[in-house]
Amino acid sequence: MRKIVLFFLLFLFFKPSVNGQIDSLLNELIHEKTDTGKVLLHIKIAYEYGWNSPDSSVVHATAAKEISKRLNYQKGLFLSYIALSDSRYVTGDYGKGLSEAKEALIIARKNKREDWEMKTCGTLGLLYTQTGKYKDAIGYFETLITSNKKNKNEKGLATAINNLANCYLSLKDYPKSIEI
């Protein structure tokens, strides 16, 4: 029995890294000299934590947001708010996620970045779907469909159509969910 306990204690203290990629990125972050580089690394780390550790994801996305605010680094602010809203989707804190996604949308429009705006529309659509506000989600998914058709993005188009059909299905508008 003592050997099992000793083995368990040794494992706790010397366990192999669950995610070598995170360790590598954290090491890069320590050695990064530029603030914008730190922002981008915090964002990468936030997404690496993703579904497995959304609270850690929030910590890194928040750090990126704070640095970006200080620098007025628009790309960093946008990416930070999107990472935060994606993390809130995972944690179930949809209200905060919606608020952060709306901030990202403001930044996207202010910078006239259609690609950022479309990423935000997808996030907003999914968050509204999770809160049961399907009619709000529909508008964002329709915007994505239009954009994806224009840009010939078949994968994005299929995802947007599927999400839109699911909204109509949830609203029990079966004919509309089928015709999309």
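What percentage of the 180 residues of the protein count as buried? The answer is 40%, where buried means under 20% relative accessible area, exposed over 50% and partly exposed in between, with a 1.4 Å probe and protein chains only.

Before you select anything, note that this is a predicted model: local features need pLDDT of at least 70, side-chain atom pairs count only at pLDDT 80 or more, and totals for chains, interfaces and linings use all residues. Residues are numbered from 1 along each chain as its sequence is written, and side-chain values use heavy atoms, with hydrogens and water left out.

**Whole chain**

Show the cartoon. The protein has ten helices and zero strands. Helices (H or I, at least four residues) and strands (E, at least two) are DSSP runs, numbered from the N terminus. Along its principal axes the C-alpha trace spans about 65 × 45 × 30 Å. The radius of gyration is 20 Å, whereas a compact globule of 180 residues would have one near 16 Å. That radius is taken over C-alpha atoms, and the globule rule is 2.2 Å times the number of residues to the power 0.38.

**Helices H5 and H6**

Select residues 74-91, helix H5, and residues 94-110, helix H6. They pack at an angle of about 155°, with axes 8 Å apart. Axes are lines fitted to C-alpha atoms, for helices over the stretch in contact; angles run from 0 to 180 degrees between N-to-C directions. H5 and H6 are therefore roughly antiparallel to each other. Angles over 145 degrees count as roughly antiparallel, under 35 as roughly parallel, 65 to 115 as roughly perpendicular and the rest as oblique.

Now show side chains. Among the contact residues are Leu-77, Tyr-81, Ile-82 and Ser-85 of H5, and Gly-97, Ala-101 and Ala-104 of H6. Contact means heavy atoms within 4.5 Å.

**Thr-123**

Move to helix H7, residues 114-130, and pick Thr-123. Is Thr-123 buried or exposed? Thr-123 is buried, with a relative accessible area of 6%. Leaving out residues up to four places away in sequence, Thr-123 touches Ile-82, Ser-85, Asp-86 and Ala-101. Ile-82, Ser-85 and Ala-101 also belong to the contact of H5 with H6.

**Lys-65**

Finish in helix H4, residues 54-71, at Lys-65. Lys-65 is buried, with a relative accessible area of 14%. Which residues does Lys-65 touch, not counting those up to four places away in sequence? They are Leu-77, Ser-80, Tyr-81 and Leu-84. Leu-77, Tyr-81 and Leu-84 are also among the H5 residues in contact with H6.
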